[in-house]
Amino acid sequence: MAKSLQDQLMGAGLIDSKKAKKISKDNRKQKKVQKKSKDNSLNEAQLAAQKAQQDKLKRDQELNQQRNAEAEKKSIAAQISQLVNHYKLDRKKGDTDYNFTDNSLIKKIVVSSEISNEIARGRLCIVRIGETYEVIPKPIADKIRERDQEVIVVYNQKPSANSSSTTTSSNQQTETTDSADQSDDDYYAQFEIPDDLVW
């Protein structure tokens, strides 16, 4: 078997055993340092790869949330459109202009006088679908409001019925208001309303 270089040098008398031990110890240290630096560079590469993977995962999650939000908006819009198209009232026989505001713009639709009165009483509502306006019953408008309030353009509240109050002063006040309303109606009943008057 061939002798190692160190053994050959010791046999030739060029180095002693102390120096040979020191050289082998230095060689082991150097190999250990090289291995550690190789491991560190490998660890740094692994950490960079993990960070890149986490960043990609985070971006993917954000994109998925955006897609889900958009899909939910589309789903709600489709539900609203389906409700409106199914329950909208026919306005083809309309002869009365009904004016209302949509945001800061004044809009009008042509409806029958019956529908106009029902809108004013709060039994019917007006909704905006795209650029068009439709008249729907109030219960359907309530379902639409649960999904998206901004679609409802006209939602009149019925005046609340006389509710019983706990204090006598408020009861007296409502009775006074009722009698005042009745006296106003009686007073104005004596005037004739022209047939061609449009509100």
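Biologist: Which residue does Arg91 form a salt bridge with?

Modeller: Arg91 pairs with Glu134, and their closest N and O atoms are 4.0 Å apart. A salt bridge here is a side-chain nitrogen of Lys or Arg within 4 Å of a carboxyl oxygen of Asp or Glu. Arg91 lies in the loop between α2 and β1 and Glu134 in strand β4 (residues 132-137), so the pair ties together parts that are 43 residues apart in sequence. Helices (H or I, at least four residues) and strands (E, at least two) are DSSP runs, numbered from the N terminus.

Biologist: Before we go on, what kind of model is this?

Modeller: This is a predicted model, where local features need pLDDT of at least 70, side-chain atom pairs count only at pLDDT 80 or more, and totals for chains, interfaces and linings use all residues. Residues are numbered from 1 along each chain as its sequence is written, and side-chain values use heavy atoms, with hydrogens and water left out.

Biologist: Back to that pair. Is Glu134 buried or exposed?

Modeller: Glu134 is buried, with a relative accessible area of 13%. Arg91 is partly exposed, at 23%. Buried means under 20% relative accessible area, exposed over 50%, and partly exposed in between (1.4 Å probe, protein chains only).

Biologist: How many salt bridges does the structure hold?

Modeller: Six. One of them joins the side chains of Lys56 and Asp60, at 3.2 Å from N to O. Both residues lie in helix α2, four residues apart, about one turn of the helix. Lys56 is partly exposed at 46%, and Asp60 is partly exposed at 31%.

Biologist: Which residues are linked in a network of salt bridges?

Modeller: Glu118, Arg121 and Arg123. Between Arg123 and Glu118, the closest N and O atoms are 3.3 Å apart. Glu118 is buried, with a relative accessible area of 18%, whereas Arg123 is partly exposed at 43%.

Biologist: New topic. What is Asp95 in contact with, leaving aside neighbours within four places in sequence?

Modeller: Val110, Val111, Ser112 and Ser113. Contact means heavy atoms within 4.5 Å. Asp95 and Ser113 are 18 residues apart in sequence, and 7.1 Å apart in space from C-alpha to C-alpha. Asp95 itself counts as exposed, at 62% relative accessibility.

Biologist: And where does Asn103 lie?

Modeller: In the loop between β1 and β2 (105-111). Asn103 has a positive phi of about 60 degrees although it is not a glycine. Most residues other than glycine have a negative phi. Asn103 is exposed, with a relative accessible area of 73%.
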